Number of protein chains: 2
Amino acid sequence: MDHNQPDRFRRHALQPEEAQRILFEYISPLPDEAVPLADAWGRTLSQDINAPHPFPPFRRSGMDGFAVRAQDLLEASPQMPISLDIIESIPSGVAPTRAIGPGQASRIMTGGMLPDGSDTVVMLEMTTTAEREEHSIVTISRSVPKGINVADIGCEIEQGTHLLHAGQRIGAGESALLAACGYAEVRVTRRPRVAILSTGSELLEIHEPLAPAKIRNSNAPMLAALIKDCGAEPVLLGQVPDDAVKARSIIDESIGTCDILLTSGGVSVGDYDVMVDVLASPGVELLFNKIAMRPGSPTTAATLRGKLLVALSGNPGACFVGFHLFVAPALRKMLSQQPFTANQSFKAHLGKDFAKVNAYRRYIRARTELKDGTVWVTPTGDDKSSLMKTIVGADCLIEIPPLKEGLAKGHLVTAWKL
Amino acid sequence: MDHNQPDRFRRHALQPEEAQRILFEYISPLPDEAVPLADAWGRTLSQDINAPHPFPPFRRSGMDGFAVRAQDLLEASPQMPISLDIIESIPSGVAPTRAIGPGQASRIMTGGMLPDGSDTVVMLEMTTTAEREEHSIVTISRSVPKGINVADIGCEIEQGTHLLHAGQRIGAGESALLAACGYAEVRVTRRPRVAILSTGSELLEIHEPLAPAKIRNSNAPMLAALIKDCGAEPVLLGQVPDDAVKARSIIDESIGTCDILLTSGGVSVGDYDVMVDVLASPGVELLFNKIAMRPGSPTTAATLRGKLLVALSGNPGACFVGFHLFVAPALRKMLSQQPFTANQSFKAHLGKDFAKVNAYRRYIRARTELKDGTVWVTPTGDDKSSLMKTIVGADCLIEIPPLKEGLAKGHLVTAWKL
C-alpha cells in the first residue's frame, strides 16, 4: 500500500448529522425469524400486533359475589331485603351452564364468566346466604348500579386494536400482551452480527501481563458490551498489530459473515495508522473520514462488498462516543427501529460550569440526575478522549456547541440518552 | 386443608416500607462465581476492583511527533529554529531503546512510550525533517511547554485507585476498565434462580385456542421478562388449577432448587383462592398477607424451608406493581446490590390531572418525559389492576398518597424508576 499518496491526510470534516445521514442510507432492516415467546425477551418485534380477539374475551366478574339482574334489586333496602334463588356456583375457568332468570342469582368468583341473563355482580360482603328447603337463597339489602363489578367483553382491548408495533423491544408488558393474544411464537428481527477488530501493536490480550510500551485491549470488551446493550451480537475477530495487509486480510475473511464490521484504532495520521491504509485500499469505498466534533473526529465509515465498515478511534472515550453517534443508531435501523428513539435527546441543566472553549462541537460523557422536578446533567469527569474511567456511570452525552466562552452551571444544554 | 378456619380472611395491612423491611431481612447476597469477562455483561460484580497498576502504565505520547527535552527548545523561534538529531523512531507498542540526551529527539507515534530523558512531545505538524550526512535532523521553530502531549504514568488512574465496587452491574465502561486491569475472569454474584408458578383454573397455555371462561396465562411471561430485566434467571414451573394440594406439591418439589419462588393468582378471598390455603398450610411461615396500597394489596410473602415465597396477585397490573415493590428489590439484594438504587425515586410533575380519590396509597404505571429541563410523569392509561396494556411503555410508578381530592396537572409527585 502506498504510504506516499499525497492526499492521505487530507480530510473533509462533515457535521455529525450529515455523516449519520450518509451512513443510514446504506442500512436496511435485517430479515426476521420466528422465536418462542420465552426466548423473545430483549428482541425486536418485526411485525405489528393487533388484538386477535377482544379482551376480556367474555364478560368477566371483577369480584367474588353473586351474578344477578340489577333490575331484580331495584327495590332492595335494609327494610325490604330481596332474596334470590342461587342456581349455580361458577368458579373462574368454568363456563356457566344456566342463564339467570328473574329472581335468580349464581355464586361467581373473581375472574369468572358471567352467566347469560345476569348483568351485575354484587360483592360477597354485601350478601347473606341461607338454606331453604331444597335450595339456597342469597339476600341483598340494597340496590346496585347495573353493570357494576363486570368487565364487559373488549372493555380492556377491542378486537383489532393496534397493540404493538414493528421495531418495539420485547419487555415485560409486550410479553404479557403477546401471551394474552396467543403468540407462543413471535416474529423478531434477526440480531445484527457485529464484528470487532482491534488494531494496534501496543495491544496486549486481557490475560497477558503488562509489558513496556503495551496496554491491554479494552476497546473490544467495551464495544462487545455496547453491542449487547443494543440487542445485537458481537463477533470478536481479535487484534492485529499495525500491519495493513494483515488487517485487510482479516477484514476480507470476516466481512461476509457479519452485518457490520467495526475496527478500533489506526484512524489518525501517524505513520503506523493501519486503518488509514486499509481504507485507501482497493474495493473499499470511503463514505467519510472526518467529523467536525470532539472526541472522535477521525471516525471513518466505508463500504466493502456491500457491507459497512466503521473505523472507530482507538482512544476509549472517542471510541465510545463514535459508537453511540454512528454505530448504535445504525444497529437500531437494522433492528427495524428508528435510528434515534423518541425523546432520545432532551434539554437539561448543566450540573457544573463548563470552562473549555471549543472550536468544534463536543460530546461530553455525563450522568443524568432528576432533582425536584428538574433535569440535570453533569460530566462524569474529565472528557479527554483517552479516558476510560469517565465511561463508567455515563448515561448521556452532553452536546456542547462550538463556544467562544464557557457555560455556567444551570445553563440549558442538549443531551443524548445512551 | 381447613376452609373454615375463622381468621382465613382476617388480614393486617402493612405499609409497603414495613413489608419491604420484613422481606429484606430474609435475604442475603448469593455466593459468587468466576466468569470470563466476555460473558460478564449484565452480571453483577461481587468484588471491589482497585487499579493493580497505574494507568497509563508508562509515559505515553498523546500525539504523533517528536519526543524532546523541552529545555533544548527554550530559545527556538522562527528566526532561530533549533535542530535536534533524530536518534530513533518509536512506534506504539515498542519500547524505546535509546535515552534522549541534549540536542537529541526521537520520532514517536500516538500511544508510543516516551524514551528516558525526554519530557515533551512536539506535534509532527510543528516540525520539519531533513537528512544530514549520516543522520536525520528535526527542526523546530518555537518553544513548547514542558510536558505537553505527554500522559504521565498514572495520570488517568493511580495505582490502587478504587475503580469499581461490589454490586455494580457490568456494562461497557466496567468491561473496559476490567480489561485494562487484566481481569480476563471476573467474580460475579450468581444469578438468582426465580421460580414462577401460575395458579388459576381459568388459565390456558399461550398456544391454546381461546375457550369459554378461559384466558391465556400472561403473568408467567411477564414475570419471566421482569426477572431477566433484573439480571436473574426465571424457572417456569407451569400452571396449576385452583387446587391447593397440587399447588403445594409443586412448591414442595421446586423450592429447594430456586432462590425465591413466585406465584401469581389465588391470593384474594374467593372460595377458590388456592394460594390462601397453601399459605395457611403446615411448614409455611407467613410474613405478611396484606399491604396498604393499590393495586396489589393482597401481595403475600412467606418462608418455606428457609426459602422465600412471594404470592403476587393474578391481576396483571397488580402483579407488575407487586413485583417492582417487593421482588425486584429482593433480587437486587441477592445480587449484592442495594434494594433501591440511588436516585430510584424522584420528584416529577404530574403530566395530567389525577381525579381519583384514594383511601390507600396508589402506585400508577407511568412514563417519564423530559421537557425543557423539567421532569414529567404521565400515567400510561387507566390504572385498573386488571389491565395489561398500561404496562407497555411504563418506565416508572407514580406514588400517589391517600387523597381526599384529586391532583392537578403539574403537581410535584414522587415516582419510582422501574
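In the predicted model, A:Arg305 is placed in the loop that links strand S20 (300-304) to strand S21 (307-312) of chain A; helices (H or I, at least four residues) and strands (E, at least two) are DSSP runs, numbered from the N terminus. A:Arg305 has a positive phi of about 45°, although it is not a glycine. Residues are numbered from 1 along each chain as its sequence is written, and chains are lettered from A and ligands numbered from 1 in the order in which they are written. Local features need pLDDT of at least 70, side-chain atom pairs count only at pLDDT 80 or more, and totals for chains, interfaces and linings use all residues, while side-chain values use heavy atoms, with hydrogens and water left out.

Two cis peptide bonds are described here, one in each chain. In chain A, the bond between A:Phe55 and A:Pro56 is cis, with omega about -5°. A:Pro56 belongs to the loop between strand S2 (49-50) and strand S3 (60-61) of chain A. In chain B, B:Arg294 and B:Pro295 are joined by a cis peptide bond with omega of about -10°, and B:Pro295 is found in the loop between strand S19 (293-294) and strand S20 (300-304) of that chain.

A further loop of chain A, between strand S9 (135-140) and strand S10 (150-151), contains A:Arg142. With residues up to four places away in sequence not counted, A:Arg142 touches A:Leu73, A:Ala76, A:Ser77 and A:Met126, where contact means heavy atoms within 4.5 Å. A:Arg142 and A:Glu25 are separated by 117 residues in sequence and by 69 Å in space, C-alpha to C-alpha.

The contact between the chains takes 81 residues from chain B and 81 residues from chain A. About 6,500 Å² is buried between chain B and chain A, and carbon and sulfur atoms give 67% of this area; buried area is the accessible area (1.4 Å probe) that two parts lose on being put together, summed over both. The rule for salt bridges (a side-chain nitrogen of Lys or Arg within 4 Å of a carboxyl oxygen of Asp or Glu) finds 0 across the interface of chain B and chain A. Over all chains, a search of the whole structure finds 24 salt bridges. One of them joins the side chains of A:Asp252 and A:Arg248 at 3.0 Å, N to O. Because A:Asp252 and A:Arg248 are 4 residues apart in helix H4 (residues 244-254) of chain A, about one helical turn separates them.

Helix H3 (residues 219-229) of chain A packs against helix H2 (residues 172-180) of chain B, with axes that come within 7 Å and cross at roughly 160°. Axes are lines fitted to C-alpha atoms, for helices over the stretch in contact, and angles run from 0 to 180 degrees between N-to-C directions. H3(A) and H2(B) are therefore roughly antiparallel; angles under 35 degrees count as roughly parallel, over 145 as roughly antiparallel, 65 to 115 as roughly perpendicular and the rest as oblique. The crossing of H3(A) and H2(B) is right-handed, that is, the near helix is turned clockwise from the far one by less than a right angle. The residues in contact are A:Pro221, A:Met222, A:Ala225 and A:Leu226 of H3(A), together with B:Ala172, B:Ser175, B:Ala176 and B:Ala179 of H2(B). By class, 7 are nonpolar, 1 is polar and none is charged; Ala, Val, Leu, Ile, Met, Phe, Trp, Tyr, Cys and Pro count as nonpolar, Asp, Glu, Lys and Arg as charged, and the others, Gly among them, as polar.

Within chain B, the axes of helix H3 (residues 219-229) and helix H6 (residues 316-334) come within 11 Å and cross at roughly 25°. H3(B) and H6(B) are therefore roughly parallel to each other, and their crossing is right-handed. H3(B) contributes B:Asn219, B:Met222, B:Leu223, B:Leu226 and B:Ile227 to the contact, and H6(B) contributes B:Pro316, B:Cys319, B:Phe320, B:Phe323 and B:His324. This contact has 8 nonpolar, 2 polar and no charged residues.
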